[in-house]
Amino acid sequence: MLPLKEKDKPIVQKLLSAGCCARCVLRFCCVSVQAAYRRPQQDTLNELQAFISNTENSKSQDAAAESTEGNNKSHDAAESEPPDDPPSKRAKLEPSVPDAPSEEDTAASVKLKDGESCVCVVCLGILQELCGTTQAVKIAEAVKAEKYEFDTLVLSVSLPAQLCVREHSCWLHVKKELREKSVALDKDDVIQVKEAFKWILQGQVAKELGGVAVVTRSLFEVGVEFTHPETDADCHFLSSTCPDCFKPTKNKQSVFTRMAVVKALEKISDAKFLKHSPCPPAAATSSCIPQDVQCLHVSVFVAGRYNKFCRSLPQTPWVIDGERRMESSVEELIAAPILSSFRASGFNFSSSGREDVDVRTLGNGRPFAMELLNPHKSRLSKAEMKQLQETINNSSDKIRVRDLQIVTREAMSRMKEGEEEKTKSYTALIWTQKPIQSEDLTFLDDIKDLTLDQKTPLRVLHRRALAVRQRVIHNMNTRFLDSHHFYLGLKTQAGTYIKEFVHGDFGRTKPNLCELLKTETDILELDVESVDVDWPPSIPE
Ligand code: ZN
């Protein structure tokens, strides 16, 4: 038995006459028993039909309904004036509603037979054949084909925006009737198409996937989208009644998003709506068209530290005018094995600072983190992570990775936070124009916390704004090599431009090593010795 009350009778009658499917009728009767939607449509339809045609006391109800029908009709004609599609079915039906119960029965059954093959005027087929086994199998097959590993899944449904217009129209249609009887129907109490669709389909999808839990929140989302080109223009009138709601946005193909349409419908007056839109909604000849099923797993984040042993390897792919300058890059060497392990479709790489193409990164390495997009596998055991790290390290002698681990998105921000305050240590091989002796360098070892004013270096000016940044060299140490060369060790605030400190960058960095040593100096080699960021946590080998 359907959980319907006497007061639902006029709604049921009105909606069936308007060309609503059985399940949409339940929605507008605010039936929230999920099982009611899962029953075969025909059974529900039969029961609804029996419900409106039986009992004695429905007679008086019908009489009332009839008089309101009459009122509504004139109301409709005055206000909505559906231009060239007077719902002919209704026209045929309504005169047959009158008192003779037998006649009404026939009318209802004729109507129902019609309704069976007809596309529902409100859900446009979504709650009809589009939420059956065929659809469940199609979804399950799409998920299986991509071989995702997951515990639970959430089903997301995207419906054409114009469905909201039909829903609104149908609600007004019912509301008029109810107002006559002083019954209130809150639009929010009507069960949403999306909701009912999920109630019907979730269990079937779960079954097709061998009992996996289909839940309301999950890391794995399976998206089902429907379109209905035939009625795309149905919501266009809203852009003239509420231009504010339909501002073009960069990423959207159409301004008629579901959000915008809902917002416009909240603002529009009933009278204005009825002027532009038929009430109840006009019949459609075709059902919605299901689009390809989209599977998406939320990102997984992987972090670690890398060494770079090569002076001809950029951190990121080096492409100038569409042409590759270097055959590989740090991020690609690290990413390739990780992507294949997690079967991810892409990645975003970030690190605690970066080194130039000709700079090595030694010591414990530089912290890095990668967001893996749409991973088909999201969990690796510690042993598997260790194996993955070895795979990366065996794949190239230009880089090495340690402390490889899965981290949370939140933890990743630890890498970037307070980056300015962190220190970095370097070793630079310096050339001097004037001959030097070991003693000429000793004063450098005594300099502590030397503040530099660094104008944006000429070499990065094309991608960074011109500014003067203050950076601190905490201390330096020297190792004499020969009369024109020495090693300079520096411990600096993160973000200090070391090369510019050495050669002065045409006076753009002050003070600089040329000034301090009173001779031209240049930097021949540079190594990063340590990046003092205590993240990610180290993993014992
Ligand atoms: Zn429907």
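Me: How do you know that both faces of β6 are covered?

Reply: One side of the strand carries Val300, Val302, Gly304, Tyr306 and Lys308, and the other carries Phe301, Ala303, Arg305 and Asn307; all of these are buried. Buried means a relative accessible area under 20%, while exposed means over 50% and partly exposed lies in between, with a 1.4 Å probe and protein chains only. The two groups follow a general rule: side chains of a regular strand alternate between the two faces of the sheet. This is a predicted model, in which local features need pLDDT of at least 70 and side-chain atom pairs count only at pLDDT 80 or more, whereas totals for chains, interfaces and linings use all residues. Residues are numbered from 1 along each chain as its sequence is written, and side-chain values use heavy atoms, leaving out hydrogens and water.

Me: Why is β6 said to pair with β10, and with which other strand does β6 pair?

Reply: Two strands pair if DSSP finds at least two bridges between them. Between β6 and β10 (residues 360–373) there are 8 bridges, and these strands run antiparallel. Tyr306 has Arg366 as its bridge partner in β10. The other partner is β11 (residues 399–407), joined to β6 in the antiparallel sense over 7 bridges. There, Arg402 is the bridge partner of Arg305.

Me: What makes Tyr306 and Phe368 a tilted pair?

Reply: Two numbers describe a pair of aromatic rings: the distance of the centres and the angle of the planes. Rings of Phe, Tyr and Trp (its six-membered ring) pair if their centres lie within 6.5 Å; planes under 30 degrees apart count as stacked, over 60 as edge-to-face and the rest as tilted. The whole structure holds 9 aromatic pairs. For Tyr306 and Phe368 the values are 6.0 Å centre to centre and 50 degrees between the planes, hence a tilted pair. This pair links distant parts of the chain, with Tyr306 in β6 and Phe368 in β10, 62 residues apart. Both Tyr306 and Phe368 are buried.

Me: Why is the pair of Phe349 and Phe368 called stacked?

Reply: The ring centres of Phe349 and Phe368 are 5.6 Å apart and their planes stand at 10 degrees, so the pair is stacked. Phe349 lies in β9 (residues 346–351) and Phe368 in β10, 19 residues apart. Phe349 and Phe368 are both buried.

Me: How do you know that the length of helix α8 agrees with expectation?

Reply: The expected span is 1.5 Å times one less than the number of residues. For the 13 residues of α8 (residues 133–145) this gives 18 Å, and the end C-alpha atoms are 18 Å apart, which agrees.

Me: What makes the buried residues of α8 line one face of the helix?

Reply: The buried residues include Gln135, Ala136, Ile139, Ala140 and Val143. Seen down the axis, the buried residues of α8 fall within an arc of 130 degrees, so they line one face. The arc is taken from the directions from the helix axis to the C-beta atoms. In general, an α-helix has 3.6 residues a turn, so residues three or four places apart point the same way. On the other side of α8, Thr134 and Ala145 are exposed.

Me: Why is Ile191 called buried, and which residues are in contact with Ile191?

Reply: Ile191 has a relative accessible area of 10%, and is therefore buried. This residue sits in the loop between α9 (162–180) and α10 (193–208). Contact means heavy atoms within 4.5 Å. Beyond neighbours within four places in sequence, the contacts of Ile191 include Arg27, Cys30, Tyr37 and Trp199. Ile191 and Cys30 are 161 residues apart in sequence, yet their C-alpha atoms are 5.8 Å apart.

Terms used:
Helix = DSSP H or I, 4+ residues; strand = E, 2+ residues; numbered from the N terminus.
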